[in-house]
Amino acid sequence: MNIQQLRVFAVAAQCRTLTEVAEELKVKQPTISFHLKKLETDLGVELFHKQPRQLRLTEAGMAMLPYARRITTLLDEAEQLVQEYREGGRGTLKIGASYTPATYFLPPFLADFQAIYPNVLPMLTVKKAKAIMELLLDFEIDVAIVSLPEGQKEGLHVIPLIADELRLVMSPSHPLAAKEEIALSDLRNEPFLVHEYGSTSRELAELWAEENRFRWKIRMELGAIETIKESVKHNMGISILPQRSVIRESQLKELIVHELPGYVNRRHICLVYRQDDIMAQQVRTFIDFIQRNVKGLQP
């Protein structure tokens, strides 16, 4: 078993065919077949089911995959560390972020970080929080900035950076917009525009409704916060959105933002990284930078 075999195996586990693996690694298909066969021979188990034109992991293959990913990631980090010393601090920083932090929180910090550490190249992946956490556990990214409900995650450091409450959002022309305080009874017959399932804001909005025994009328589900905001501006319905996502529109009076009745905040923008003993220099530098600069920031 060697590192090249493990690299081929880790890539093959994400692909459907040997052709895709060969294209991804930019080698010929017989080379891919050779490395996979040699790895299975060395280990004494089959890693893939023998099916024509389709790669599907066996139980042994699924058990082996996290180790292969970790070994190849550690080697990549070791090579990167040496390159940093050789090239004066250069390196790649793979950041994952969920949509709200990526859009409304992270950009100014990334700008300041790059100004101070110009030799570090950040690479930002933006997905739902759950997908970002999976990428982190699979060693596909170095660190995550995600909106999460309260609680710790096994194998990960989860550090709340700043509260990101949910708020009730409506058009300035909505009949409830002028009210000083909105009660649950005011919302009984209101049509809601809601974020799609899988988002942290939808999960917490559902929890709020359950805790307050509130049955909302959903007019539409939408996949993007920006789309929800534009729809609310046109008075298609009201919505529940992260506070940080509507700061600009609230200041410009394009949207009216109210406290959500009966709401207890369980949502924070969090810094998340693996509980590793070994960490690349630029990753540790970014973690320290974020914690230092967010400290004292008002929600």
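Student: Why are H6 and H11 called oblique to each other?

Tutor: Helix H6 (residues 106-116) and H11 pack at an angle of about 125°. Angles under 35 degrees count as roughly parallel, over 145 as roughly antiparallel, 65 to 115 as roughly perpendicular and the rest as oblique, so H6 and H11 are oblique. This is a predicted model, where local features need pLDDT of at least 70, side-chain atom pairs count only at pLDDT 80 or more, and totals for chains, interfaces and linings use all residues. Residues are numbered from 1 along each chain as its sequence is written, and side-chain values use heavy atoms, with hydrogens and water left out.

Student: What makes the contact of H6 with H11, by class, nonpolar, polar or charged?

Tutor: Contact means heavy atoms within 4.5 Å. On the H6 side, Leu106, Phe109, Leu110, Asp112, Phe113 and Ile116 take part. Ala, Val, Leu, Ile, Met, Phe, Trp, Tyr, Cys and Pro count as nonpolar, Asp, Glu, Lys and Arg as charged, and the others, Gly among them, as polar. The contact has nine nonpolar, three polar and one charged residues.

Student: Which helix gives the most to the lining of the largest pocket?

Tutor: H4 does, with seven residues. Lining residues have an atom within 4 Å of a point of the pocket. There are 22 of them, and Arg7, Val11, Thr72, Asp76 and Glu140 are the closest to the centre of the pocket.

Student: What classes does the lining of the largest pocket have?

Tutor: Under the class rule given above, seven residues are nonpolar, six polar and nine charged.

Definitions and conventions: On a 1 Å grid over the protein atoms alone, a cavity is a set of points where a 1.4 Å probe fits but cannot get out, and a pocket is an open set with protein on both sides within 12 Å along at least five of seven lines; lining residues have an atom within 4 Å of a point. Helices (H or I, at least four residues) and strands (E, at least two) are DSSP runs, numbered from the N terminus. Axes are lines fitted to C-alpha atoms, for helices over the stretch in contact, and angles run from 0 to 180 degrees between N-to-C directions.
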